[in-house]
Amino acid sequence: MPHVSSYAKVRGGRKAAVGNVGRPPVGWALPGILFFAVFAIVPLAIAVYLSFCHWDGLNSPTPVGTDNWTRLFKDPEFRQAAWLSLLLTTVSWAFQTPVALLLGVWAAGRQRSRTFLSAVFFIPLLLSTTAIAMLFHALLDPNFGVIKQIGPWFGIDPNIMGSSTGALLTVAFVGGWQFMPFHTLIYQGGARQIPEVLYQAAAIDGAGMLRQFFHITLPQLRNTITTSSVLMIVGSLTYFDTVLIMTKGGPGTDTTILPYLMYRTGFQTYDLGYAAAIATALVVVATGLSLILVRFSGFGSMRSTREGM
């Protein structure tokens, strides 16, 4: 048996100790795993099962094979709702991302008014979505709302909720107004992680604030942008209470997005099996878009933007 020196034993022990630093046991994750399984995996599995059944919510579910899915792909109302959901998601992302990014970078600075204004910006996130939707529904009422008085000053039709484009843009604006502070906070945290030495070196080379933003800030926030975008896409695809309170899917069906179509199918026509198929399809679309974004953004490599510093 080869002799192992005491030095080698000590060195090996040190390596093992160093390798275990910062790695808590797997048992620490069990509460989170159980919580996720009970409140996410199990309901999702039930929804998938119900998507292959006919169920009115009162009697026992009756298996019908793939009838709900066949109907789903042939349903023009589902295709329209899917298109409106994607359109609302795109508009919400295009509206929220630039504003939240700029506010987050600004809030990461050292301005005197930064703390106070950051707290003010964060207030909408503290309010419930239902309260915000009711507030804007009252403000945008064409007969009694503020929009009737101030709308003509800015060339805005007081009946903005009566047009398909106006209603969809209003829903995107209200959702963005509420959740933009959350994404601003994400960008603020990301911007504060950027080493100050990068800006100092750029300033020495004569780079102004604009060049520093595009050549330092944006590249360093690449992973932050991806994280925020994934959360934003999933959130936009699941808008429901805002649409329910403000437009009820109207005018006509011009704001009937997938979550609202699922609600109307399940709780107004009591076709819960088909509603489960719509819900499952929504999960697949949201997951697919998130994976595509992560794949093509390079976020999956998880390489630090501070590597080599």
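Helix axes are taken here as lines fitted to C-alpha atoms over the stretch in contact, and angles run from 0 to 180 degrees between N-to-C directions. The structure is a predicted model, in which local features need pLDDT of at least 70 and side-chain atom pairs count only at pLDDT 80 or more, whereas totals for chains, interfaces and linings use all residues. Residues are numbered from 1 along each chain as its sequence is written, and side-chain values use heavy atoms, with hydrogens and water left out.

The protein has 14 helices and 2 strands, assigned as DSSP runs (H or I, at least four residues, for helices; E, at least two, for strands) and numbered from the N terminus. Of its 309 residues, 33% count as buried, that is, under 20% relative accessible area with a 1.4 Å probe and protein chains only.

Helices α4 and α10 (residues 209-220) pack at an angle of about 90°, with their axes 13 Å apart. That angle makes α4 roughly perpendicular to α10, a term covering 65 to 115 degrees. In this pairing, Leu101, Leu102 and Val105 of α4 meet Phe213, Thr217 and Leu218 of α10, where contact means heavy atoms within 4.5 Å. By class, the contact of α4 with α10 has 5 nonpolar, 1 polar and no charged residues.

Helix α4 (76-107) is also one of the elements against which the buried residues of α13 pack, together with α11 (222-237), α12 (241-246) and α14 (272-297). The buried residues of α13 (residues 258-267) are Leu258, Pro259, Tyr260, Leu261, Thr265 and Gly266.

Terms used:
Buried means under 20% relative accessible area, exposed over 50%, partly exposed in between (1.4 Å probe, protein chains only). Angles under 35 degrees count as roughly parallel, over 145 as roughly antiparallel, 65 to 115 as roughly perpendicular and the rest as oblique. Ala, Val, Leu, Ile, Met, Phe, Trp, Tyr, Cys and Pro count as nonpolar, Asp, Glu, Lys and Arg as charged, and the others, Gly among them, as polar.
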